[in-house]
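The stops below cover backbone geometry first, then aromatic contacts.

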Amino acid sequence: MATAFSFAQTILFSKTSLSIRTNGLRSFSFCLPFSSSSAASLSSDKLQSKKWRQPVASVLELGGVKIAKDDVLRDDPTNNVPDTIFAKLGMQLHRRDQHPIGILKNAIYEYFDTNYSNQFDKFDNLCPIVSVKENFDDVLVPADHVSRSYNDTYYVDAQTVLRCHTSAHQAELLRRGHTHFLVTGDVYRRDSIDSTHYPVFHQMEGVRVFSPSDWEASGTDGTTYVAGDLKKCLEGLARHLFGAVEMRWVDTYFPFTNPSFELEIFFQEKWLEVLGCGVTEQEILRRSGKTDDVAWAFGLGLERLAMVLFDIPDIRLFWSNDERFTSQFSSGQLGVKFKPFSKYPPCYKDVSFWINEAFTENNLCEVVREVAGDLAEEVQLIDNFTNKKGMTSHCYRIAYRSMERSLTDEEINKLQWNVRELVQSKLNVVLR
């Protein structure tokens, strides 16, 4: 269950609808919760009959449906989606068989196909634009949870977001009658800038539903039986990906499962969290019309595991088109170790300013990404103090580094100047 606090990211648990919303984005009413083959079932005549608004800049296609840029980057006071994020929509690294993310996804598919006789339905082309209800309410995320804030989530409008987790599709798939399924997709979160965080990453969620007849002969209750089956399944998956490793289970909390667990493995001389999982809260099943059933769910972050399996040191590399990176990986070859092709030096620049009450570090990182894109390697708070007047100053150090070439002093100075200008104008802070 990839979610807005993903199993893989550890804030919660690593988790659209066919209905037409009148208060949402009318153009997204046909972002269907199916794989590409299902989306293709819409005839071209039907698609042509939908009156898409003329795009301001570009159009992308998701699940066979065209989406205009001005439908995502809207003139709406609640919209906080930047151009840099829109540019990632539709790239779908998880659907590229020769990319580390796609290779890992297919290795997980192989495990489930082999051990469960192709019982699991697979969805990897679901529309990433979902309702607030689908993203949060349907998986029981509390109304006051931090993940709902504009500081953490990309809002298209007050009722529509870029999904924070693949769990946004769980309730709809359950309502449609699916009892065994895997959902893989790109997810979006406003986040810090460093080697392991990126505002777009990929998750996989797995769900399996059991009926009373599955556990009655076991002599145990449904929750105990399902929890045991879950652990057996995921221990097998860990061995499939990492080999014969030592494992341990850690009790934890997620709002949509009870009991909830994290699986850790001892790998490369340290304990590594692999995924989060648990027995699905009965309220989720009840709302889906499965009152007597019990289910398990798990969620994992593909980048996090791929960085370990392929020895990839920086999350930005997954988005590189440099042949020196892309040529190192082949379909079906899990765990091929990445060979660094260059190590260009970083350049550090500091920016200091008096903050206001509305300031957040995520907002600063959005500004830096808007200016520098993937040339921004890290943003780190290196100093802060409060003066006698009660004013607080922060000093951030920005590391600029290209993964593919050396940056010139002129380039870096221009980037830093633009960052300072935008920090002042967008964040309403006072530069020092």
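This is a predicted model. Start with serine 117, in the loop between α5 and β3 (121-123). Its phi is positive, about 45°, although serine 117 is not a glycine. Serine 117 counts as exposed because its relative accessibility is 58%, over the 50% cut-off.

Next, select glutamine 92, in the loop between α4 (83-86) and α5 (100-115). Phi of glutamine 92 is also positive, near 45°, but glutamine 92 is buried at 12% relative accessibility.

Move to asparagine 258 and proline 259, which are joined by a cis peptide bond with omega about 0°. Proline 259 belongs to strand β10 (residues 257-267). Most residues other than glycine have a negative phi, and most peptide bonds are trans.

Now turn to the rings; the structure holds 22 aromatic pairs. Select phenylalanine 210 and tyrosine 225: the centres are 6.0 Å apart and the planes lie at 85°, so this pair is edge-to-face. The pair ties strand β8 (residues 200-210) to helix α9 (residues 222-242). Phenylalanine 210 is buried at 2% relative accessibility, while tyrosine 225 is partly exposed at 28%.

Then select phenylalanine 353 and tyrosine 396, whose planes are at 15° with centres 5.9 Å apart, so the pair is stacked. These residues, in strands β13 (residues 347-354) and β15 (residues 392-400), are 43 residues apart. Phenylalanine 353 is buried at 0% relative accessibility, and tyrosine 396 is buried at 1%.

For a cluster, select Tyr111, Phe112, Tyr116, Phe120, Trp296 and Phe298.

Finish with two charges over rings. Arginine 248 lies over the face of tryptophan 271, 4.0 Å from the ring centre. The charged end of lysine 88 sits over the ring of tryptophan 319, at 5.3 Å from its centre.

Note on methods:
Residues are numbered from 1 along each chain as its sequence is written. This is a predicted model: local features need pLDDT of at least 70, side-chain atom pairs count only at pLDDT 80 or more; totals for chains, interfaces and linings use all residues. Side-chain values use heavy atoms; hydrogens and water are left out. Helices (H or I, at least four residues) and strands (E, at least two) are DSSP runs, numbered from the N terminus. Buried means under 20% relative accessible area, exposed over 50%, partly exposed in between (1.4 Å probe, protein chains only). Rings of Phe, Tyr and Trp (its six-membered ring) pair if their centres lie within 6.5 Å; planes under 30 degrees apart count as stacked, over 60 as edge-to-face and the rest as tilted. A charge sits over a ring if NZ of Lys or CZ of Arg is within 6 Å of the ring centre and within 35 degrees of the ring normal.
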